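Dear colleague,

I am handing over the structure below, and my notes on it follow directly after. Please read them with the structure open beside you.

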Amino acid sequence: MLIAVLFWGLSFISIKEAVAEVPPITLALLRFVIASILLWIVVKISEPATRLEKSDRIPMLGAGAMGITLYFFFENSGIKLTTASNASLITSIVPVLAIIMDIVIYKTRVSLIQSIAIIASLLGTYLSVTANGQVDFTSNTFLGNLLVLGAMVSWAVYTMQNKSLSLKYSGLYLTMIQTLLGTALLFPLSLLERNEWQPFSYVAFGHILFLAVLCSAACYFLYNYALPKLDVTVTTLYLNLIPIVGVFGGYVYLNETIIPIQLVGGVIIIISILLVTWEKTFRKKTRSLQAD
């Protein structure tokens, strides 16, 4: 989990470096073409008999569109305009967005602590997205932050879509199919950037390989290897380290600076997630004691 978190946190830096030479959608396409090939080979070796049912084709396409196509369209485009540090801070909102959507879609009851955490996370997101607490619609940074926030909404929707699909297919097979479908949808979108296509450096290509092989393929395997061996609560706590790695990496590698109020916003989001995680753990222990 620590290796996965390290690579995912550093991915914002690689995206920031790569989009300086490669257009955002084209970057996503190149990344996921490579990742799709790797995942397809692994699935053919490990799950040769698994097949996609006809009834799941449309839901799987929708999940691929949200989790791959739209997510990386928004994220890459946003990181081009904002900083890697800002983008990594905004990712902290994903778990809370998932809770909000669970409440809206599945009418899940929310506790007082969860309500407080949701309100706090929204406040934290506002502080992280705005520039020095001021909303400036003409700012490229503000627009970039909004695009990254759009990516987080796409990921939360994707997570909801996968709830039923994950009961029928393995995580590896799900990722492979959705990556293939999402990559196919990226191709026509990338044609919109054809006027920006130009040869790029070996450095940019190295970042693309890092994103495809390590961040998209290898980290998925590491995460799924760790998930059954660790409690879900523990893995969530590990994922909360991603913005910390992203901010630190942006400071060291890109010499980025982050406005204190934005850092406060990120801390508020992380604390709200820890509150929800603590409550879940407390409830689970209470039920276990009552059962005994």
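Phe32, Tyr71, Phe72, Trp155 and Tyr158 come together as one aromatic cluster in this predicted model, where rings of Phe, Tyr and Trp (its six-membered ring) pair if their centres lie within 6.5 Å, and where planes under 30 degrees apart count as stacked, over 60 as edge-to-face and the rest as tilted. The structure holds 7 aromatic pairs. One of these joins Tyr71 and Phe72, whose ring centres are 4.7 Å apart with planes at 80°, so this pair is edge-to-face. Both Tyr71 and Phe72 are buried, a word that here means under 20% relative accessible area, while exposed means over 50% and partly exposed lies in between (1.4 Å probe, protein chains only). Tyr169 and Tyr173 form a pair that counts as stacked, because the ring centres are 5.5 Å apart and the planes stand at 25°. Tyr169 is buried at a relative accessible area of 8%, and Tyr173 is buried at 4%.

Residues are numbered from 1 along each chain as its sequence is written, and side-chain values use heavy atoms, with hydrogens and water left out. As this is a predicted model, local features need pLDDT of at least 70 and side-chain atom pairs count only at pLDDT 80 or more, whereas totals for chains, interfaces and linings use all residues.

As for the overall build, the protein has 12 helices and 0 strands, helices (H or I, at least four residues) and strands (E, at least two) being DSSP runs numbered from the N terminus. Of the 292 residues in the protein, 47% are buried.

Leu112, Ile116, Leu263, Val267, Ile271, Leu275, Trp278 and Phe282 form a nonpolar patch with about 790 Å² of accessible area together. The elements that give two or more residues to this patch are α6 (112-129) and α12 (260-291), and the largest share, 6 residues, comes from α12. Patches are made of residues with over 30% relative accessible area and no salt bridge, like charges being joined within 9 Å and nonpolar side chains (Val, Leu, Ile, Met, Phe, Trp, Tyr) within 5 Å. Phe282, which sits in helix α12, is partly exposed at 49% relative accessibility.

What salt bridges does the structure hold? A search of the whole structure finds 2 of them, a salt bridge being a side-chain nitrogen of Lys or Arg within 4 Å of a carboxyl oxygen of Asp or Glu. Lys168 and Glu53 meet in a salt bridge at 3.1 Å, N to O, and this pair links distant parts of the chain, with Lys168 in the loop between α7 (140-165) and α8 (171-190), and Glu53 in the loop between α2 (24-46) and α3 (57-81), 115 residues apart. Lys168 also forms a salt bridge with Asp56, where the closest N and O atoms are 2.8 Å apart. Because Asp56 also lies in the loop between α2 and α3, this pair ties together parts that are 112 residues apart in sequence. Within it, Lys168 is partly exposed at 42% relative accessibility and Glu53 is partly exposed at 41%, whereas Asp56 is buried at 7%.

Turning to the cysteines, the structure holds 0 disulfides, a disulfide being a pair of cysteine sulfur atoms within 2.5 Å. The sulfur of Cys215 has its closest cysteine sulfur in Cys219, and the 5.4 Å between them is too far for a bond. Cys215 is buried at 4% relative accessibility, and Cys219 is buried at 0%.

A last point concerns the backbone. Asn255 has a positive phi of about 55° although it is not a glycine. Asn255 is found in the loop between α11 (242-253) and α12, and is exposed, with a relative accessible area of 64%.

With best wishes

Methods
Accessible areas come from the Shrake-Rupley method with a 1.4 Å probe; for residues, only the protein chains shown count as cover.
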